[in-house]
Amino acid sequence: MDYQHILDTIHDEMSYRDVTGKVASYIPELAKIDRKKFGMHVYCGDQQHFCFGDSKELFSIQSISKVFTLAMAMKLLGEDLWDRLAVEPSGDPFNSLTQLEYESGIPRNPFINAGALVISDILVDQLEDPKQELLDFVRKITGDSSIQYDETVANSEKSTGYRNIALVNYIKALGNIKCDVEPIVDFYFHQCSLAMTCEQLSKAFMIFANKGRILETNEKILKPKTVKRINALMQTCGFYDEAGEFSFQVGLPGKSGVGGGIVAIHPDNYSVAVWSPILNEKGNSELGMKALERFTTLTGVSVF
């Protein structure tokens, strides 16, 4: 497969001028990102790399981080985790309060904000230093010790994150939060502020394409059963209330973030990350989704 030719074709065909969405503005720091940014990186099972554009530029990964924290929580709790979370697509906006009322404080899945905040509660409760241990986890699976939080983004989220604070308080009122609210939201805002490149993200997500093992070292990080569960959740819940559209158009398990990043994997084959900060009305990268649809069309390879 000539991946570089395929990526070059996508780069030539697509531009920020072809989409009509907007850069996220409800987090002030994200509103400052240049809407022209566009990069893509493919990391293959034979350790070859292919890329174009702004693939080596750091950006705020936002909700993509929820895959990392879910993996950490599953390592800690195993199947007991699902006593506190469901595994169904939400069909509602990612920050909905209404759904919690109907479902007695059990978030619909780990990738909506309510579910990720329950995961944050678990990690704050179980770990001595959850922010450092998340950094350690991401650095280990990428082999890159330079990865850091963007404190400016974290503070920007904290200054405007009233709805997430409300979600934690509401879930706590319904009996599904154990810890104090402040350390939970502090950890959550930091996880969302993780700054990574498309190259780093594609390397990180290879453990989900490689049955839980780091490709370069073959070190086992996650059980194959855990990876199977996480990939299933990415397929059905990884794109807020647009997961069905992504499956239909692209046909890969993946996760998006409002920083404009999307990562997707094909088991045993590759991990691919794309970044364009222009979001559609559902909060997913508009150009990123188009690029990934074109990628699986040109390669002829998806999970279906």
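**Helix packing in a predicted model**

Now H7 itself. The helix runs over residues 162-173, which makes 12 residues. From its first C-alpha to its last it reaches 16 Å, close to the 16 Å expected at 1.5 Å a residue. Which residues of H7 are buried? They are Asn-164, Leu-167, Val-168 and Ile-171. Looking down the axis of H7, you find these buried residues within an arc of 95°, so they line one face of the helix. On the face turned away from that buried side, H7 carries the exposed residues Tyr-162 and Ala-173.

H8 brings me to the next pair. Helix H5, residues 130-142, and H8 have axes that come within 10 Å and cross at roughly 25°. An angle under 35 degrees counts as roughly parallel, and H5 and H8 are therefore roughly parallel to each other. The crossing of H5 past H8 is right-handed. On the H5 side, the contact is made by Pro-130, Lys-131 and Leu-134. On the H8 side, Asp-186, Phe-187, His-190 and Gln-191 take part.

The second pair is H1 and H13. H1 covers residues 3-13 and H13 covers residues 286-299. How do their axes cross? They come within 10 Å and cross at roughly 140°. H1 and H13 are therefore oblique to each other; the cut-off for roughly antiparallel is over 145. H1 passes H13 in a right-handed crossing. From H1, the residues involved are Tyr-3, Ile-6, Leu-7, Thr-9, Ile-10 and Glu-13. They meet Ala-291, Arg-294, Phe-295, Leu-298 and Thr-299 in H13.

Last, a single residue. Gln-200 sits in helix H9, residues 198-204. Is Gln-200 buried or exposed? Its relative accessibility is 10%, so Gln-200 counts as buried; the cut-off for buried is under 20%. Which residues does Gln-200 contact, leaving aside neighbours within four places in sequence? They are Leu-58, Thr-142, Asp-144, Ser-146, Ile-147 and Ala-195. Take Ile-147 from that list. Ile-147 and Gln-200 are 53 residues apart in sequence, and their C-alpha atoms are 8.7 Å apart in space. Another contact of Gln-200, Thr-142, falls within the residue range of H5, 130-142.

Technical notes:
Residues numbered from 1 in each chain as written. Predicted model: local features only at pLDDT ≥ 70, side-chain atom pairs only at ≥ 80, totals over all residues. Heavy atoms only, no water. Helix = DSSP H or I, 4+ residues; strand = E, 2+ residues; numbered from the N terminus. Expected span 1.5 Å × (residues − 1). Buried < 20%, exposed > 50% of the residue type's maximum accessible area, 1.4 Å probe, protein only. Arc of directions from axis to C-beta. Axes fitted to C-alpha atoms, helices over the stretch in contact; angles between N-to-C directions. Parallel < 35°, antiparallel > 145°, perpendicular 65-115°, else oblique. Left-handed = near helix turned anticlockwise from the far one by under 90°. Contact = heavy atoms within 4.5 Å.
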